[in-house]
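Here is a brief report on one chain. It goes from the overall fold to single residues.

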Amino acid sequence: MDADLAELKRRLPLLEYLQRRHWKAQHVGAQQEFVGLCPLHQETHPSFYVNAGKNLFYCHGCGRGGDLIRFVELERQLSFRQSVAQLQEEWCSGPVRDLLKHTVTFYQQQLSRHPEAIEYLRQRALWNTELFAELQVGYAPGGNLRAHLTALGYPFALLLQTGLINHQGRDAFYQRVIFPCRQQGQIVNLYGRSIGAAFPHRFLPRSRGGLFAWDLVAHYPTMILVEGLFDLAVLWQCGLRNTTCAFGKQLTPFQFAQLCERPDRLVYIAFDQDENQAGQQAARALALRLQTVGVAARIVSLPAGHDPNSYFSSGAATADFAVLLEQASSL
Ligand SMILES: [Zn+2]
């Protein structure tokens, strides 16, 4: 039981749990401390503190504190045993995990059968099939997922609940290249990039987890942070395996805490060079926040209008990107 419990808390850090439940937090003073309104009592001034390093909370308002299990006991009025059982069912085991695994396998099989998807990846400078296998890249042609999953015995209600299928019974991902988001080896969400005219980016309506592939990159003292999975894929393809992705410009508190785990870390921020300066501003703001907690940051300047993926798909090579890393500036 003790080992299971430690494993549960490792897989599902308290901050990540709170964040999935839309707890809004601000980073405070010490490296991995966050404060926000207490989810356990009514208040107007934030007095609920989470130490992401120690994986503990304490509320100065209602005087309660403890670990993840304690929080769930209080939040849901459950016994210790019931809390553990519920958490294991919701996050770490159970049908959703298997459902996502089966979906990813199915989409992976579709990729090689749909030349339009391979062609799309090629246009985005991605061609390495070994990398596709490693990242479990797939393709959702649309129209055939429900029948496949139903044949495997999954109830329609579960497909609906996870957002894989919409109320009309159609695939939520339609003509999209699929990247699974994994955390601690488990698939927690899917990202779908439209290859057609549909809204380009789509995730399932559930947590995206922390930084992408964190268990594979966390050991690197020097790290490249990008906005999107196509940026990440192109950098992994050219051997820059120390790249991670935040799924956008704004890091969640949990993702920020991950970057700060190692005080000796150097983070290269390679966000998009947007015409409206959004990427550049977000990069500067993040570099500043990192420096405030003692983590060194450098900002990579791509040519105007480019993100790392478009830089490569417009003909740049690994050596060109290496020069950009060399020229990256601190604040
Ligand atoms: Zn409280």
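Among contacts between residues at least 6 apart in sequence, what percentage join residues at least 24 apart? In this chain that share is 58%. The model is predicted.

**Overall dimensions**

The chain has 331 residues and a radius of gyration of 21 Å. A compact globule with 331 residues would have a value near 20 Å, so the chain agrees with that expectation. Along the principal axes, the C-alpha trace spans about 60 × 55 × 35 Å. Of the 331 residues, 38% are buried. The secondary structure comes to 15 helices and 13 strands.

**Domains**

Three domains divide the chain: domain 1 covers 2-91, domain 2 covers 95-203 and domain 3 covers 214-327. Between the C-alpha centres of domain 1 and domain 3 the distance is 29 Å. Their contact takes 10 residues from domain 1 and 8 residues from domain 3. Which element gives the largest share of the domain 1 side? Helix α2 (residues 14-20) does, with 3 residues. By class, the side of domain 1 that touches domain 3 has 5 nonpolar, 4 polar and 1 charged residues.

**The largest nonpolar core**

The largest nonpolar core holds 89 residues. Within this core, I178, L225, V267, I269 and A270 touch the most other members. Helix α11 (residues 229-237) gives the most to this core, with 7 residues.

Residues up to four places away in sequence are not counted here. On that basis, I269 touches L225, A283, L286, A287, A297, I299 and V300. One of these partners, L225, is also among the core residues that touch the most other members.

**Strand pairing**

Strand β1 (residues 26-28) runs antiparallel to strand β2 (residues 33-36), and 3 bridges join them. Across this pairing, H27 has F34 in β2 as its bridge partner. Strand β2 also pairs with strand β3 (residues 48-51), in the antiparallel sense, over 4 bridges. Here E33 stands opposite N51 in β3.

| Strand pair | Sense | Bridges |
|---|---|---|
| β1 (residues 26-28) and β2 (residues 33-36) | antiparallel | 3 bridges |
| β2 and β3 (residues 48-51) | antiparallel | 4 bridges |

**Two residues in detail**

L87 sits in helix α4 (residues 80-92). Is L87 buried or exposed? L87 is buried, because 21 other C-beta atoms lie within 10 Å, and the cut-off for a buried residue is 20 or more. With residues up to four places away in sequence not counted, L87 touches L8, L12 and V72. K9 is 78 residues from L87 along the chain, yet their C-alpha atoms are separated by 9.7 Å.

V28 belongs to strand β1. How many other C-beta atoms lie within 10 Å of V28? The count is 14, so V28 is partly exposed. That class lies between the exposed limit of 12 or fewer and the buried limit of 20 or more. Leaving aside neighbours within four places in sequence, V28 is in contact with E33, F34 and V35. F34 is the bridge partner of H27, and E33 stands opposite N51. F173 is 145 residues from V28 in sequence, and the two are 39 Å apart in space, C-alpha to C-alpha.

Key:
Residues are numbered from 1 along each chain as its sequence is written. This is a predicted model: local features need pLDDT of at least 70, side-chain atom pairs count only at pLDDT 80 or more; totals for chains, interfaces and linings use all residues. Domain bounds come from an automatic or database domain assignment. Two residues are in contact if their C-beta atoms, placed from the backbone, lie within 7 Å. Helices (H or I, at least four residues) and strands (E, at least two) are DSSP runs, numbered from the N terminus. Ala, Val, Leu, Ile, Met, Phe, Trp, Tyr, Cys and Pro count as nonpolar, Asp, Glu, Lys and Arg as charged, and the others, Gly among them, as polar. The radius of gyration is taken over C-alpha atoms; the globule rule is 2.2 Å times the number of residues to the power 0.38. A nonpolar core is a set of buried Ala, Val, Leu, Ile, Met, Phe, Trp, Tyr and Cys residues joined through C-beta atoms within 7 Å. Two strands pair if DSSP finds at least two bridges between them.
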